[in-house]
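I set out to record what I looked up in this structure, entry by entry.

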Amino acid sequence: MDSIDPSIEGRKEEKSWSTGCCQGILMSCLGELSRDVHIVSNKFWSSEVPPISLFPTHDAVQRDKTHGFLSITFTRALCKNNNKRLKKQGVDVPNFIQMDNATGQCELYFHKYISEICLKMDPCDVIVYPPVLESLITVFEKGGKNIETASATRKMSAATPVNNDITFLAAHMVPLLYINLSNLRIFLPKADVKTKEQTFSADSADAKNNQSTLNHDLLVVQLNSVSINSHADNPLPRYPIRKDMYDWAVMNGFNQHPSSCIEDRQYQVDIKGLTMCTGNWSDFIECINKNVDNNTTYSTVQIPALEWNTCLSLQQKDKEDIKLIPVALPFDLKVVAAPAIVYEKKLDNQSRNQQILVCGFNMEVNVTSDLDLYISTNQIQLISTVLTNCVQIVQSKNRTNTSTTGSQKTRHQDFAFDSGVESDISTVLNDSFKFQPHPVPSVSSDIELRSKVTPFEVLLTADRISCTLYTHKHLEDDFHPVKIKSEETVNGAAKGSKTKFDWKRDNLSSNGNGDDDVDSNILQPSDSSTNFGFLKVHRDSAASNHDIMAGTVCIKPFLYVYIAQPYTVLACSSSSQKFEMSCYDIIIRGSESQLLIPVSESQIIPDCADFSLYWVETRPGQPHLKTGIPPCLFTVQIKDFLQEPACVMLRLERPLKANIDLQKVQQVQDFIEGITLMSVKTNKDRSEQAPSSDVTTPSILSHIDHIEVVTEQIVVTMETVPNSGAASCVMSTSRIRVDSEFQHNSTGAIETITGRYHVKDVLLTTVYNSRCLPLLGPTSLFLETIFYWTKHSGHQNIPKTLVAMETDLITVNFGQEHLLCLEAVVNNIKRFLSGNKRLKGPSDVKTPSCDDVVVEEVNIIDEEAVFISDVTYDDFKSGSLAYISAPDGSDIHPSGGEIIFSKSKMTNGNGGMMTWCYHQSRVIQSISVSPVPFNTQDNITHQVSSVLQYWDTATRQFMDYTKFNLSESETTSLDLPAVHPRNTRDLISSQMWRIIITVTTSNILEEDISIEEAVILPTSLLGCIKLDTCFIPSLIPVYQLSLILSAVDLRLYNHLLYTNKDIPNKLKPFHFIPDEVTEEEFAVIRLDGLTATANHIEGLQKRTSVQVGCSVNVDVVEFENLTMIPVLQANTLTADVNLLHTEKVSKAFLV
């Protein structure tokens, strides 16, 4: 095919045909769209686009061409002829006669045919315009319906139960491919492209050179060359499913021959110069119009000198290259794909062969060059708009096809009339009654889903990936960087000394030259984790130190992310699935909050030098003990995400430091606002059209069973005002381990989330005026959180939360400098929140006053009816509890709906214990105990006392509720508080209850009684106790807290820099030695065994209860002898605080 140029034309009503949108170009291979394109870049080592010949394309180049624009060769041959040709060329071909099949292995053979496709294509441009795409889909739909009707008979008659998912891409079904493409460009303009006059205004400073992404309406994807062949340079290893069959083929040298029954064929795809960029469609239209006006005729005489001089004169004319701003700079890809190996076993008595899967799919995608991404907020909006338009068109057509197909089936079934003898429509309609289609299941089970999964494995690797985020913006007001800088650096002189460490201090290693101003005594070369020295190969930042006038287009740098050696693995099979992602190292840098760079010819996109503040820093971790390989930064693993709830694991194996300040938070908010600003209206329109749906629990968490997170050292610095050194906090830990478990019910919804957190060596320090002082720690703590999705006193969307924490010795140092630092931090945060409009609540919200309160009388009967939700009578005899006998002395707790009987350790074997558990927390209304027979002996008097206990989830122990005695002749009724809203403080709601039986004897020694002879068995209580319970949601606390601190040392200091330094009169001859003593300890307060529990109940009975207990010691420094003198010794303190949250208006509700 010499050329192909499909075009688009349209007309309105009866008017003549005219050129369609995008100049009527759908595909061009004659160079209608200009190739004088310049992709903006600031990399000195980036690969350039291959040079295009200076000679006219229709002259000398055509003399050297061996094919037209498109050349396709399809070859299909018999394998036996191909093998004969290979033998003549000296290639060894296996001989089946010499193979010994006595071991019962599979029979090896060649397929009958082998196919080959060779394709070559010259440069071309393809335009994907959403309205044109919609028209093309409509046209092909109408033509496809006729083809589908004509071929429906053949499809139905040839339907066989074949697993097409496996055989369609099997190695023996895919032909040998040899494809070469060059200079392929794909244009994706927006649905509302504009002309040059519409895009830029006459007064705009950006109108001449198009030096920003503010008005871009075109996305361009370019590939310099694509090469596909059927032989991989570095073949992938195969992990066979049928290892015996694959090994048998490898042993006989049979897996490398084309069209063999077990052929390990692998395809290699080499993509060079893949790039993505944005621009203006009007620039290409303007070049098309110029080419039409200045159409130059070339001489056909073969005079090389004349031809050369003519080309040079043409090139010397002034040409303006079309500037495209990159999203991804040119990079290279290498893809190796190995199709599945399917062995077809020949059967004698059946028409078709049995298919056996030997190996699954394998693929490796490797970015062989550096991948540099430059993404602005305007480009994100453009890409989102273009992709959304295309996806919406395809989805709307699919919905139309589905509804049309359903209506056609209904009409065919209702009106099945014959349209002629043996006509197509008649045959299809008759066959529709003979062959009923298989029913399609609505929702597949997990077992069916796993059985349909064909094993595959995908590997994604790269060397280096960088991503630069920025914004192009028009200045609305004048910008004065000198004034702003002077305001920020009033107290920042001390911070500037950090620059002497240069790259080493910021986790960047030396280039190897002796020009680095790095103090080797502070950081050795081995301290650097990754060789980021290439980041130093750039010019100085182009940030202007001059005033910038309003209306200037500027660059607002946001973030620079650099990832070293990332890889991703996705492996799926019917038995196991695994997703793993990791990278060796990462660096994240941001820019100063007030940095603005005017757009100019020298800089259109930000450079690495514009990002001077480190957000995330790393250090090398501990190498492997056996291999010595240094660890990677992080590894994420997700296992078994198809067959059951997945297990997620995250490991951070290198020390990590995060630098946080309020201006970084502001920058993140500004960047997100820049992305979502133009899409707010679209989202509102979609939300109005889409029906509202209530979401109770997160859908992602319902597919997770376990989450595990393990980290090494983590340091977090919090500076409220960056680069000032005035006030900041630093927190560090040496190790963090997190284990979270998710429990689901039968429907898959989450019932309970349990989290266990172990944080080792927590240290909190304060930095004030560039001086660092420890505030808390180091200490280790264990934290456990439990979230229950059950009915409680609060809002039902909020789970019941239980937090329990235990710690080691906590050392707290406190003085004047700590107070000043914390006060400055709090004031800066308040100032930030007050000036941040996004975090403020709506200002027009009216606070209800007393005049707006509508008083409604409360009906006590309705209150009692709402107070009690569920009542059950005689629980032990209702059959709702299962009986379990536990070993003696065991502390096994029952699950919901169970009763456990055992002997108690606390009664020395003379008593028993009965523990039962409900499915929800319940309140005991009444207990009546009938006479109980005792296993007594002569002259022995027994006194049987019992204790009713409940399980306190906050303290995790049983607490006594009431005591009672068992009798052989009398009925006992326990005196319990009445279940009424007025007695809520005395009522106890618990899920687990226990009765402990204690037996005491008289007239005989206890050691003379056999322990095995129990006076009363716990099981006998079932027939004697009548238990009535009820469920009261308003008594179940929403939040519970339990805190256990082994010891707390509060050390009080005098910081002499902030105290009065006047010398007393008696010491006038003397003076203080400067900078010798800056702090002195004067008192120590020690709290031993500090325990605290808290419960918070919402609703009408809203209240908070707190219980605290500890032992206090106070020591004071005696300065005469510099010794500690005890002031307060070992005093036990307990406190019980109950806060009742009641309204001032009695018996009224706010409406």
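**Entry 1**

I began with lysine 243, which is exposed, with a relative accessible area of 53%. The cut-off for exposed is over 50%, so lysine 243 falls in that class. I note here that the model is a predicted one.

I then looked for a charged partner. Lysine 243 forms a salt bridge with aspartate 247, and the closest N and O atoms lie 2.9 Å apart. Aspartate 247 counts as partly exposed, at 34% relative accessibility.

**Entry 2: Helix 7**

I next examined the helix that holds this pair. Helix 7 covers residues 243–251, and its buried residues are Met245, Tyr246, Trp248 and Ala249. Seen down the axis of helix 7, these buried residues fall within an arc of 160 degrees, so they line one face of the helix. On the other side, I found Lys243 and Met251 exposed.

What covers the buried residues of helix 7? The cover includes strand 12 (341–345) and strand 13 (354–359). I also checked the residue that follows: just after helix 7, glycine 253 takes a positive phi of about 65 degrees.

**Entry 3: Other salt bridges**

Is aspartate 125 buried or exposed? Aspartate 125 counts as buried, at 2% relative accessibility, whereas arginine 35 is partly exposed, with a relative accessible area of 26%.

I also followed arginine 756, which forms a salt bridge with glutamate 741; their closest N and O atoms are 4.0 Å apart. Here too the pair links distant parts of the chain: arginine 756 is in strand 29 (residues 750–768) and glutamate 741 in strand 28 (residues 735–744), 15 residues apart. Arginine 756 is partly exposed, with a relative accessible area of 32%, and glutamate 741 counts as partly exposed at 36%. I then noted a network in which salt bridges that share partners join Asp1049, Arg1051, Glu1081, Arg1086 and Asp1088.

**Entry 4: Strand 19 and its neighbours**

Which strands pair with strand 19? Strand 18 (residues 553–572) pairs with strand 19 in the antiparallel sense over 13 bridges, and a hairpin joins the two through 4 residues. Within this pairing, I found threonine 568 bridged to methionine 581 of strand 19.

Strand 22 (residues 634–639) runs antiparallel to strand 19 and is joined to it by 6 bridges. In that pairing, phenylalanine 579 stands opposite isoleucine 638 of strand 22. Strand 21 (residues 613–618) is also antiparallel to strand 19, with 3 bridges between them; glycine 590 has leucine 613 of strand 21 as its bridge partner.

Definitions and conventions. Residues are numbered from 1 along each chain as its sequence is written. This is a predicted model: local features need pLDDT of at least 70, side-chain atom pairs count only at pLDDT 80 or more; totals for chains, interfaces and linings use all residues. Side-chain values use heavy atoms; hydrogens and water are left out. Two strands pair if DSSP finds at least two bridges between them. Buried means under 20% relative accessible area, exposed over 50%, partly exposed in between (1.4 Å probe, protein chains only). The arc is that of the directions from the helix axis to the C-beta atoms. Contact means heavy atoms within 4.5 Å. A salt bridge is a side-chain nitrogen of Lys or Arg within 4 Å of a carboxyl oxygen of Asp or Glu.
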